[in-house]
Amino acid sequence: MKNKKLIKWAGIASLLIIFAIATQWSMDDGTKPMLTHETSPAMADIDIPDNVKKAESKEEVMKFYESLTPGITKAKSLEIATSPKQTYSIPEHEGKLYINNVWYTRDVIFIYYSYDLSMFEATDSKEEPIKKLPVGIADVQMEALDGDIPTQSFGGHLNTARPEHSIAYNGKLHTFTAIPPIRQKDAGNFQRRRGVPFNQTVLTSFHVEVNDNRYKTDASPINFTYAPKKVF
């Protein structure tokens, strides 16, 4: 059992190195949200580059996530991973951005999101492999709703928007990013935050880059839950 835990956290530690998370905290800059809610048609028939993986079922998507973030399947069964189900539309694009799941682990918070494959329509070629996906979350901003957290920003995640960290299913491209544990007023540095229980609904907004154009979402309430005693 101990060896399995070591293997799991070693996998997550390697992901931290890959992600090269750059963290900073800043006060709200007052930028007005640029994303609004609207409906858009399904994009299941959009062509995508050959080097982007394709799935034929939700189970295959979960197996893909499990291979990159070991433990997410069990976390969902234990209801440790939450499902915000927040949806945002992107100006000048037909596609939407979806925040699907959030998993608050001891070392990082995984944010699993997807977007409509119509975002690939803006790429130059669908026949050649791509090195970078056209859409990615570049920055995550948080502010307190009812709790004791200061306004903070986590940046530097766009390097995770790569084909090998993504899979296409049912008209959407599924991928994820990671941020450090949320900073509380009484637990400022990273090491102290790692073991601090957390259960708050936080106003969360995202800076989204689409082909080098950046948009900010509205701030929406998302519940983040971390219980050290439930870590497996």
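The tour below goes from a sheet to a helix, then to a hairpin and some single residues.

**Before you start**

This is a predicted model: local features need pLDDT of at least 70, side-chain atom pairs count only at pLDDT 80 or more, and totals for chains, interfaces and linings use all residues. Residues are numbered from 1 along each chain as its sequence is written, and side-chain values use heavy atoms, with hydrogens and water left out.

**Stop 1: the sheet**

Colour the strands. Helices (H or I, at least four residues) and strands (E, at least two) are DSSP runs, numbered from the N terminus. Two strands pair if DSSP finds at least two bridges between them. Six strands make an open sheet, in the order β2-β8-β9-β5-β4-β3, with mixed pairing. Which strands are at the edges? They are β2 (53-54) and β3, and each pairs on one side only.

Now select residues 86-89, which are β3, and residues 96-104, which are β4. These two strands run antiparallel and share four bridges. Q86 has I99 in β4 as its bridge partner.

**Stop 2: helix α2**

Select residues 58-68, helix α2. Show the side chains of V61, F64, Y65 and L68, the buried residues of this helix. Buried means under 20% relative accessible area, exposed over 50%, and partly exposed in between (1.4 Å probe, protein chains only).

**Stop 3: aromatic rings**

Stay with F64 and Y65. F64 is buried at 9% relative accessibility, and Y65 is buried at 5%. Rings of Phe, Tyr and Trp (its six-membered ring) pair if their centres lie within 6.5 Å; planes under 30 degrees apart count as stacked, over 60 as edge-to-face and the rest as tilted. The whole structure has nine aromatic pairs. F64 and Y65 have ring centres 6.3 Å apart and planes at 45 degrees, so this pair is tilted.

**Stop 4: the hairpin of β10 and β11**

Select residues 198-210 (β10) and 213-216 (β11). They pair in the antiparallel sense over four bridges. Two residues sit between the strands, and N211 takes a positive phi near 50 degrees.

E209 stands opposite R214 in β11. A salt bridge is a side-chain nitrogen of Lys or Arg within 4 Å of a carboxyl oxygen of Asp or Glu. E209 and R214 form one, with their closest N and O atoms 2.7 Å apart. E209 is buried at 15%, whereas R214 is partly exposed at 43%.

**Stop 5**

How many salt bridges does the structure hold? It holds two. Select R106 and D107 to see a salt bridge with an N to O distance of 3.4 Å.

Next, find D139 in strand β6 (residues 135-144). D139 is buried yet has no salt bridge. R214, the nearest side chain of opposite charge, is 5.7 Å away.

Notes: Lys, Arg positive; Asp, Glu negative; His and termini not counted.
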